[in-house]
There are 2 protein chains.
Amino acid sequence: MPLLKSWVASANSADHPFPLNNLPYGVFSTEDSDPRCGVAIGDSILDLAAAEKAGLVAISGIPVFDAPHWNDFMDLGAEAWDALRARLTEILTEGSADEAKAAPLLVPMDKATLHMPIAVREYTDFYAGRNHAFNVGTMFRGPENALPPNWLHIPIGYNGRASSVVVSGTDVRRPWGQLKSPDHDLPAFLPCRRFDLELEMGAIVGTASNGPITVQEADDNIFGYVLLNDWSARDIQAWEYQPLGPFQAKSTATSISPWIITKPALEPFRTDTPEREFELLDHLKDCGPMLYDIDLAVTLAPEGKDATTITRTNYKEMYYSAAQQLAHHTTAGTPMNVGDLLGSGTISGATKPERGSLLELSWGGKEPLTLDTGETRTFLEDGDTLTLTGAAKGDGYTIGFGTCTGTVLPALKDPYAR
Amino acid sequence: MPLLKSWVASANSADHPFPLNNLPYGVFSTEDSDPRCGVAIGDSILDLAAAEKAGLVAISGIPVFDAPHWNDFMDLGAEAWDALRARLTEILTEGSADEAKAAPLLVPMDKATLHMPIAVREYTDFYAGRNHAFNVGTMFRGPENALPPNWLHIPIGYNGRASSVVVSGTDVRRPWGQLKSPDHDLPAFLPCRRFDLELEMGAIVGTASNGPITVQEADDNIFGYVLLNDWSARDIQAWEYQPLGPFQAKSTATSISPWIITKPALEPFRTDTPEREFELLDHLKDCGPMLYDIDLAVTLAPEGKDATTITRTNYKEMYYSAAQQLAHHTTAGTPMNVGDLLGSGTISGATKPERGSLLELSWGGKEPLTLDTGETRTFLEDGDTLTLTGAAKGDGYTIGFGTCTGTVLPALKDPYAR
């Protein structure tokens, strides 16, 4: 598929993240308007609440776009998803008869504030990147026992905290927590010293289910994808995570990018999961190419300084697809709801510059990373700004994810001062 | 405090679970009415939606009771909570001037269907009963390493799945899952063979917070308590839980009792937490008597047969209070919301007949339990009905929790048949 031409000129570039081929969905506000649904096209956003009101977009008769999230639209089901994409393509395509009506409903991206694209119902985070699991396991248990025995058979995951999910651009305050230094007998309550990122993709559940679903059904139920940074307090995690898993270490914040990249936009980039040592059990087997070829990168900018790219990797490094994770999530019968968010797990490539966390990049803090500014990092410092980017490269066009950024604020002096 | 007399005669008994001293909040429907808020008094329910409409109860001017959950009311804040309790006490007390107006709004309990009392926002489960943690730890790691090193310093918890919380009376289907027998090299996908209960209390967050809160603030933010059965698939858990904790093992269902017992009803039963080996860090220290003296029991009835009491214990066996759990939950900054539900963790007393799970009662399946019917149990069998009960005994009155029941349905023959 080549670049699809739009009458929105800025969208017609091989490098622009939001060409007509993409049509990512977000929530935006302006000085004059409350948060509402919009679709990015080039350097603009088409105001879908206004388009709906003007009768330009009428998917189901129920108004769904004058809302601060996409949940109501997702709830209309997959046929409505297809219908909206078809209609938007029609409206925004070069030579469209709708141009005169639609052009006044475009809002320049730089005049808009972006918000959470969905109301997150529940949030689950996985641990499904093999290189990441191997690296972390090697640090903690040595290379022979790096992967837990279950790892090659099920996508290991845990429930996270939906209330902590924030949109890109939200500052993240370094948390306090209970931790225990190896050289102390007793724990102490202190600001986190090993605050970290995890480069992940988030999959958004757009269709509810109630009971076990197949991998194909799970793939059908996914609405789209976002970039996701699972901020992690490694020292809190080390003390708390046995025996029931990470809890406060993962509850400060999880940042997501503001634009939902839908499955149809990503369809040309489907790719196979890696070769497997053990055949998966039937209920988890691939039902076609299950991953996507999406280039990912993270930059780190110390306060007031230039950014350094600290990692470059690709979503196809995952061992399990989001569909396999979602299918596994339902095996014991739990209902899944519209707006559930699934984190892929940290995405790391095979080599050092492809690692998706500072824990791996600095090998547990032992091998500080040197930034382009000359400074070094083991873990995050106050004022550091992280920026995740993602893009799938087509033939003459780009499916961009935009960015997922966040700046580390210093810990509160006294978290209980009122 | 003695038994408070009501003009609802059935409430005036030392053994009735719902005297005027209690005033538990639930959601009910009848043949003629949709789910709405009500308060139990004796054998009746006062229809609060109707009382609100009739002007008998006007707490804030905003109508909140014609709703299928108590979230809107909780959201009004602690002053409104006090005002409602005061007003209901006034209306329902013996000799009340409101009797003539209120009596027609009573619905016989046996004509009502009870529903979930809250919309569960997020669900967290803890592991804060010392005897339970010691028993389970002993089975898996031996008595010397039974308690993990962190256990006496923080209330260990993990995020659960809110979508799986169901009201008492909901049947629970035995789940399928990936498990690995010790005598097999590879896992298989099978119906759970070690399906279990966990006797817990649930605490309901009634006031939102955003950032770390003290134990006292946490106690203030709790609206009330319910009985909670955390259905657990032990064989699924054994295979999946390392390294990130329980996931599918705990996602089939969590049952709660339909009546929220509020803090003021439980106030006379506050009791101290047990003596501690390690002083807690300041942010987790008790701020007064933090537990409640509530007798708890579980019966098991095989299909079509009489029930056997399989355990009797007390909520005061907990090592950490719900307020301490909630305070810990907020340390890293995660926002807590109205409708968040916190499971206490399994409550087991020191002796065998006080253990709150079949895992402990049958010591990992090695010591089958003999029921009064002569049958034995290691774990739950299809058709088994569990009933949790709870009551605090006052001077001439009872604060009852009602019951939390559930029947095990057989696993689906093929979970993917459509």
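A residue counts as buried when its relative accessible area is under 20%, as exposed when that value is over 50%, and as partly exposed in between (1.4 Å probe, protein chains only). By that scale A:D286, at 28% relative accessibility, is partly exposed. The structure described here is a predicted model, in which local features need pLDDT of at least 70 and side-chain atom pairs count only at pLDDT 80 or more, while totals for chains, interfaces and linings use all residues. Residues are numbered from 1 along each chain as its sequence is written, chains are lettered from A in the order in which they are written, and side-chain values use heavy atoms, with hydrogens and water left out.

**How the two chains are related**

**Where the chains meet**

- In contact (heavy atoms within 4.5 Å) are 60 residues of chain B and 60 residues of chain A.
- The two chains bury about 5,500 Å² between them, 58% of it on carbon and sulfur atoms, buried area being the accessible area (1.4 Å probe) that two parts lose on being put together, summed over both.
- On the side of chain B, the residues that lose the most area to chain A are B:R161, B:L244 and B:F247, which together make up 15% of what that side buries.
- Six salt bridges are counted between chain B and chain A, a salt bridge being a side-chain nitrogen of Lys or Arg within 4 Å of a carboxyl oxygen of Asp or Glu.
- B:R161 takes part in a salt bridge with A:D340, in which the closest N and O atoms are 2.5 Å apart.

**Salt bridges within chain A**

- Over all chains, the structure holds 49 salt bridges.
- A:E90 and A:R87 form a salt bridge whose closest N and O atoms are 2.6 Å apart, and these residues are separated by about one helical turn because they stand three residues apart in helix α3 (residues 78-92) of chain A.
- In this pair A:E90 is partly exposed at 47% relative accessibility, whereas A:R87 is buried at 19%.
- A:R276 forms a salt bridge with A:D286, with 3.2 Å between the closest N and O atoms.
- Both A:R276 and A:D286 lie in the loop between β19 (270-271) and β20 (291-292) of chain A, so the pair ties together parts that are ten residues apart in sequence.
- A:E381 and A:R377 meet through their side chains in a salt bridge of 3.8 Å, N to O, with A:E381 partly exposed at 41% relative accessibility and A:R377 buried at 4%.

**The nonpolar cores**

- In soluble globular proteins, nonpolar side chains tend to be buried together.
- A nonpolar core is a set of buried Ala, Val, Leu, Ile, Met, Phe, Trp, Tyr and Cys residues joined through side-chain atoms within 4.5 Å, and the largest one here has 85 residues.
- Among the residues with the most contacts inside this largest core are B:W151, B:M201 and B:L358.
- Leaving aside its neighbours within four places in sequence, B:L358 is in contact with several residues, including B:L197, B:I310, B:W363 and B:F379.
- A second, separate core of 83 residues includes A:Y319, A:Y320, A:V408 and B:L244.

How values were computed:
Helix = DSSP H or I, 4+ residues; strand = E, 2+ residues; numbered from the N terminus.
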